[in-house]
Amino acid sequence: MNPRRGIVLGLVVLAMATWLAQAGRTQTPEEFFDDLVLHEVRLYLHPVDWRKLQENFEDNTYYPGEFVWRGRSVVNVGIRSRGGGSRSDFKPGLKIDFKRYIAGQRFVGETSFVLDNHIQDATFMRERLTMALFRRAGIPAPRTAFAKVFINDSYWGLYSIVEEIEKPFLKRSLGEDIGWLYEYNWLTDYNFEFLGFDDELYGLMWDPKTRENNADVRTILEFIQMVNEVPDEEFLERVGEHLDLESLMRYLAVENYVSEWDGIVGSSGMNNFYLYRYNNTKRFQLIPWDKDVGLTNFDHSILFNLDRNVLTRRAMQFPELARKYLDEVQQIAELAGGPDGWLQGEFEFAYRQIRQAVFEDRNKPLTNSFFDHSAEAMREFIQYRPTAIGEQMDELSNGPRP
Amino acid sequence: MQIKTSQLILASGVVTALGLCAPALLSQPAAQEQKTESKKKKKKKKEEPKGWYFQSKNRQSLRYNDQLRIDFRVKLQGDFQSVDPSPEDHPLFDFRRKRVGVEGEFLRDFEYEFEWEMGVERNALRDGFVNWRRIRWLQVQGGKFRLPFGRDTLTGMANLDFVFRSRIGFMIGPGRDIGLMLHGPVWDRKFRYEAGVFRHDGENAFTGDDKPTGGTTLAARIRTEPERYLPLPKILETLELAAASTHGEVPEGRHSLRGRTTFRDNYFPRVDVKGDRVRLGVEANWKPGPFSLQAEAMQVRDQRRQQSFRQTDLPDLVGRGWYLFGTWLVTGEEKAAGVRPKKPLTFHQLGWGAWEVALRNELLRYGSRNPTGLALASPRAVNLLSSSNRAWTFGLNWYGNRQVKIQGNFVREKIEDFNRSDLSARPIFWTKVVRLQFVM
């Protein structure tokens with residue numbers, strides 16, 4: 001064989017092998033939630049179903065559809081409207097459930113994910129940056145990535161792909177997935193008070209997401225009773241058996257750092273979190289969810305509402321926990337950094353990444369200039385929040401301890 | 001849920017008392033009617049009253065000369081029922097039907113029938129039609145009535161041999177709708193035909209909130225008694241055969257028929273369909289002496305044009321089913337002419353009525369036509385995951401007299417894909433029901 005022809009043939013074979021390897025490569029969840037990339041997600045629903053979904057956006061009715069990402073198609077996925085206050089008919093938040101019609105079906109290992117519509121967030125970035133800060137602080141939190149979403153080949157707007165709190169998340173973040181997972185359902189201004197032995201009432205608040213047939217809400221009820229009624233001298237030991245109180249301080253520090261007013265110590269009671277109980281134990285883990293209102297008020301008190309919630313109020317009565325909380329706030333401030341810090345870097349990258357897609361999003365409820373204006377306000381928050389935190393710390397160190 | 005014996009006895013007593021009273025109100029006891037029938041017919045012509053008059057025979061009837069006849073009807077049915085597992089808020093006793101109606105004829109060439117369900121908020125008119133019969137082979141019927149399809153579907157509830165219709169009779173058979181129909185005997189009465197056009201394809205195909213699923217529908221049925229033109233043995237003289245079909249268009253956004261158990265538990269939910277809806281059915285019915293045998297097979301096919309996520313065509317949805325049942329009047333009455341107890345329970349005669357045993361086996365399955373690939377529960381799947389309901393019904397009927405009937409049924413149902421069922425959550429379950437019926 002002519003050596004030159006052999007080299008050409010070899011190169012062709014190598015190119016084909018590379019192409020085939022790329023085409024056949026299994027995509028990973030890391031790629032799907034890669035926030036360095038502005039993703040493109042295409043959904044195909046029958047027009048009748050899409051119209052019904054929009055008309056009945058308050059319902060959780062599933063419609064069958066096809067999901068396409070990077071050329072990979074999954075048919076017969078379940079698609080439904082989702083959200084609390086962010087539900088919308090013109091730009092519905094969506095849940096994509098791969099196992100809805102095919103038991104055990106997964107996509108890149110995930111059983112489902114959320115497409116957050118950012119209806120309540122003019123910057124589109126609150127969820128992403130808050131969750132990133134939670135993760136940077138070592139607290140298990142869902143991954144997010146921006147995506148341009150096309151419905152039946154029409155650009156429907158900029159959404160965020162949000163990792164669903166389900167078994168794959170639990171396995172990855174907590175190392176197990178066979179415990180009890182509950183989503184906290186906001187019903188009223190509730191702050192961890194003991195409301196008596198009403199399993200049904202607690203069952204409404206704590207919606208089981210695993211082990212639905214053996215929800216065991218009674219264990220939560222007993223924990224709440226303990227938090228409310230255990231004597232001070234036993235609080236740290238007995239409550240600490242169920243919840244890592246130092247981790248709780250860290251969780252609260254992140255929420256208050258980002259000026260979250262709709263979280264564990266929300267202004268209208270607890271909201272937006274999951275509770276996981278490890279298998280064969282009575283130990284709980286908090287998991288943040290739906291963080292789309294923070295990063296707004298850089299003067300937000302670092303002690304915001306800590307005295308309203310029974311759990312946080314009682315915990316903060318112990319000097320060692322109060323000290324731990326302030327230390328955590330300080331650490332979070334350092335992790336976030338001020339001007340040109342880590343959080344601003346994340347912000348600037350995300351802003352550049354999505355700006356054009358936001359401008360093209362005709363279904364967003366606000367104008368393009370309002371987006372820019374809101375992003376500028378967020379930039380200011382990120383830059384000045386550490387300074388504001390320092391000032392509050394100084395005031396606290398000069399005044400009475402919390 | 002258990003039916004309390006005391007409640008059962010009380011309700012049975014009420015119905016029986018009504019039944020005892022009814023013949024007493026009539027001018028002649030039911031048992032004597034048969035004997036004197038021919039004699040009376042002869043007298044009738046001579047003694048026909050003039051003007052308005054009221055006649056109490058089998059039914060209360062108001063008449064004007066021979067120009068108008070108004071027969072008054074009452075139908076009451078109540079069920080003691082128990083199903084395991086039981087749906088929420090499932091009542092022990094259900095006063096299922098409270099119907100009043102009139103039927104008769106006017107101007108010699110017209111027949112009519114109107115019947116209303118009492119105590120319902122919507123759809124109170126059950127039947128309401130007029131039939132013009134001047135030309136026997138070309139009668140014209142208009143109004144609201146049953147589409148000509150399926151013997152079980154066409155049989156009135158008061159005349160069913162079981163408490164519940166067959167699954168195919170209820171789920172595939174179209175039921176009532178508003179329409180216009182030609183019908184009559186043809187070819188020396190060897191055949192009878194019915195052919196009509198209807199606004200939709202019957203109330204049985206309506207959704208739970210009374211919305212139609214089908215569009216304008218053509219329906220036709222032809223039946224025959226082979227004994228009229230074939231040299232069959234005498235025992236086969238009551239054999240009747242029939243075939244029927246409906247054809248309609250299902251517009252965009254409407255749904256298919258669905259699979260439901262006797263207690264309305266969905267085991268195959270509606271799916272989106274568009275295009276032709278075609279029903280086909282064949283039936284046979286034979287009533288030798290005190291016995292009866294009846295069988296039907298039905299199929300409904302819904303096209304799914306442009307119903308995939310990307311609006312391509314999907315394979316048709318097909319529902320297929322059959323039933324076979326037999327009955328035996330152990331007290332020896334003839335079945336063919338309608339059960340008339342030899343020893344009825346009336347004020348004049350304390351007979352034990354007529355007793356009948358019945359057994360039915362049936363199957364109804366939904367799924368894709370020519371399925372290929374993975375079967376899925378997704379309503380827009382290429383291959384719809386099939387599901388079926390196989391049922392056995394064991395029945396015991398008591399006919400106290402012509403007005404009173406009590407039916408007891410045990411129904412064993414087996415659901416193929418019970419995970420999709422709303423409440424059963426297991427493949428096999430039993431329904432027990434006792435129906436008390438008073439018809440006048």
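**A chat about chains A and B**

Modeller: I224(A) is found in helix 7 (residues 217–229) of chain A. Helices are DSSP runs of H or I, at least four residues, and strands are runs of E, at least two, numbered from the N terminus. This is a predicted model, where local features need pLDDT of at least 70, side-chain atom pairs count only at pLDDT 80 or more, and totals for chains, interfaces and linings use all residues. Residues are numbered from 1 along each chain as its sequence is written, and chains are lettered from A and ligands numbered from 1 in the order in which they are written.

Biologist: What does I224(A) touch, leaving aside its neighbours within four places in sequence?

Modeller: F192(A) and F194(A). Contact means C-beta atoms, placed from the backbone, within 7 Å.

Biologist: Why is I224(A) called partly exposed?

Modeller: Because it has 19 other C-beta atoms within 10 Å. Buried takes 20 or more, exposed is 12 or fewer, and partly exposed lies in between.

Biologist: New topic. At what angle do helix 12 and helix 13 of chain A pack?

Modeller: About 175°, with axes 11 Å apart. Axes are lines fitted to C-alpha atoms over the stretch in contact, and angles run from 0 to 180 degrees between N-to-C directions. So helix 12 of chain A is roughly antiparallel to helix 13 of chain A, a term for angles over 145 degrees.

Biologist: And chain B? How many residues of chain A are in contact with chain B?

Modeller: Eleven, against 13 residues of chain B.

Biologist: Which strand of chain A gives the largest share of that side?

Modeller: Strand 2, with three residues.

Note on methods. Parallel < 35°, antiparallel > 145°, perpendicular 65-115°, else oblique. Contact = placed C-beta atoms within 7 Å.
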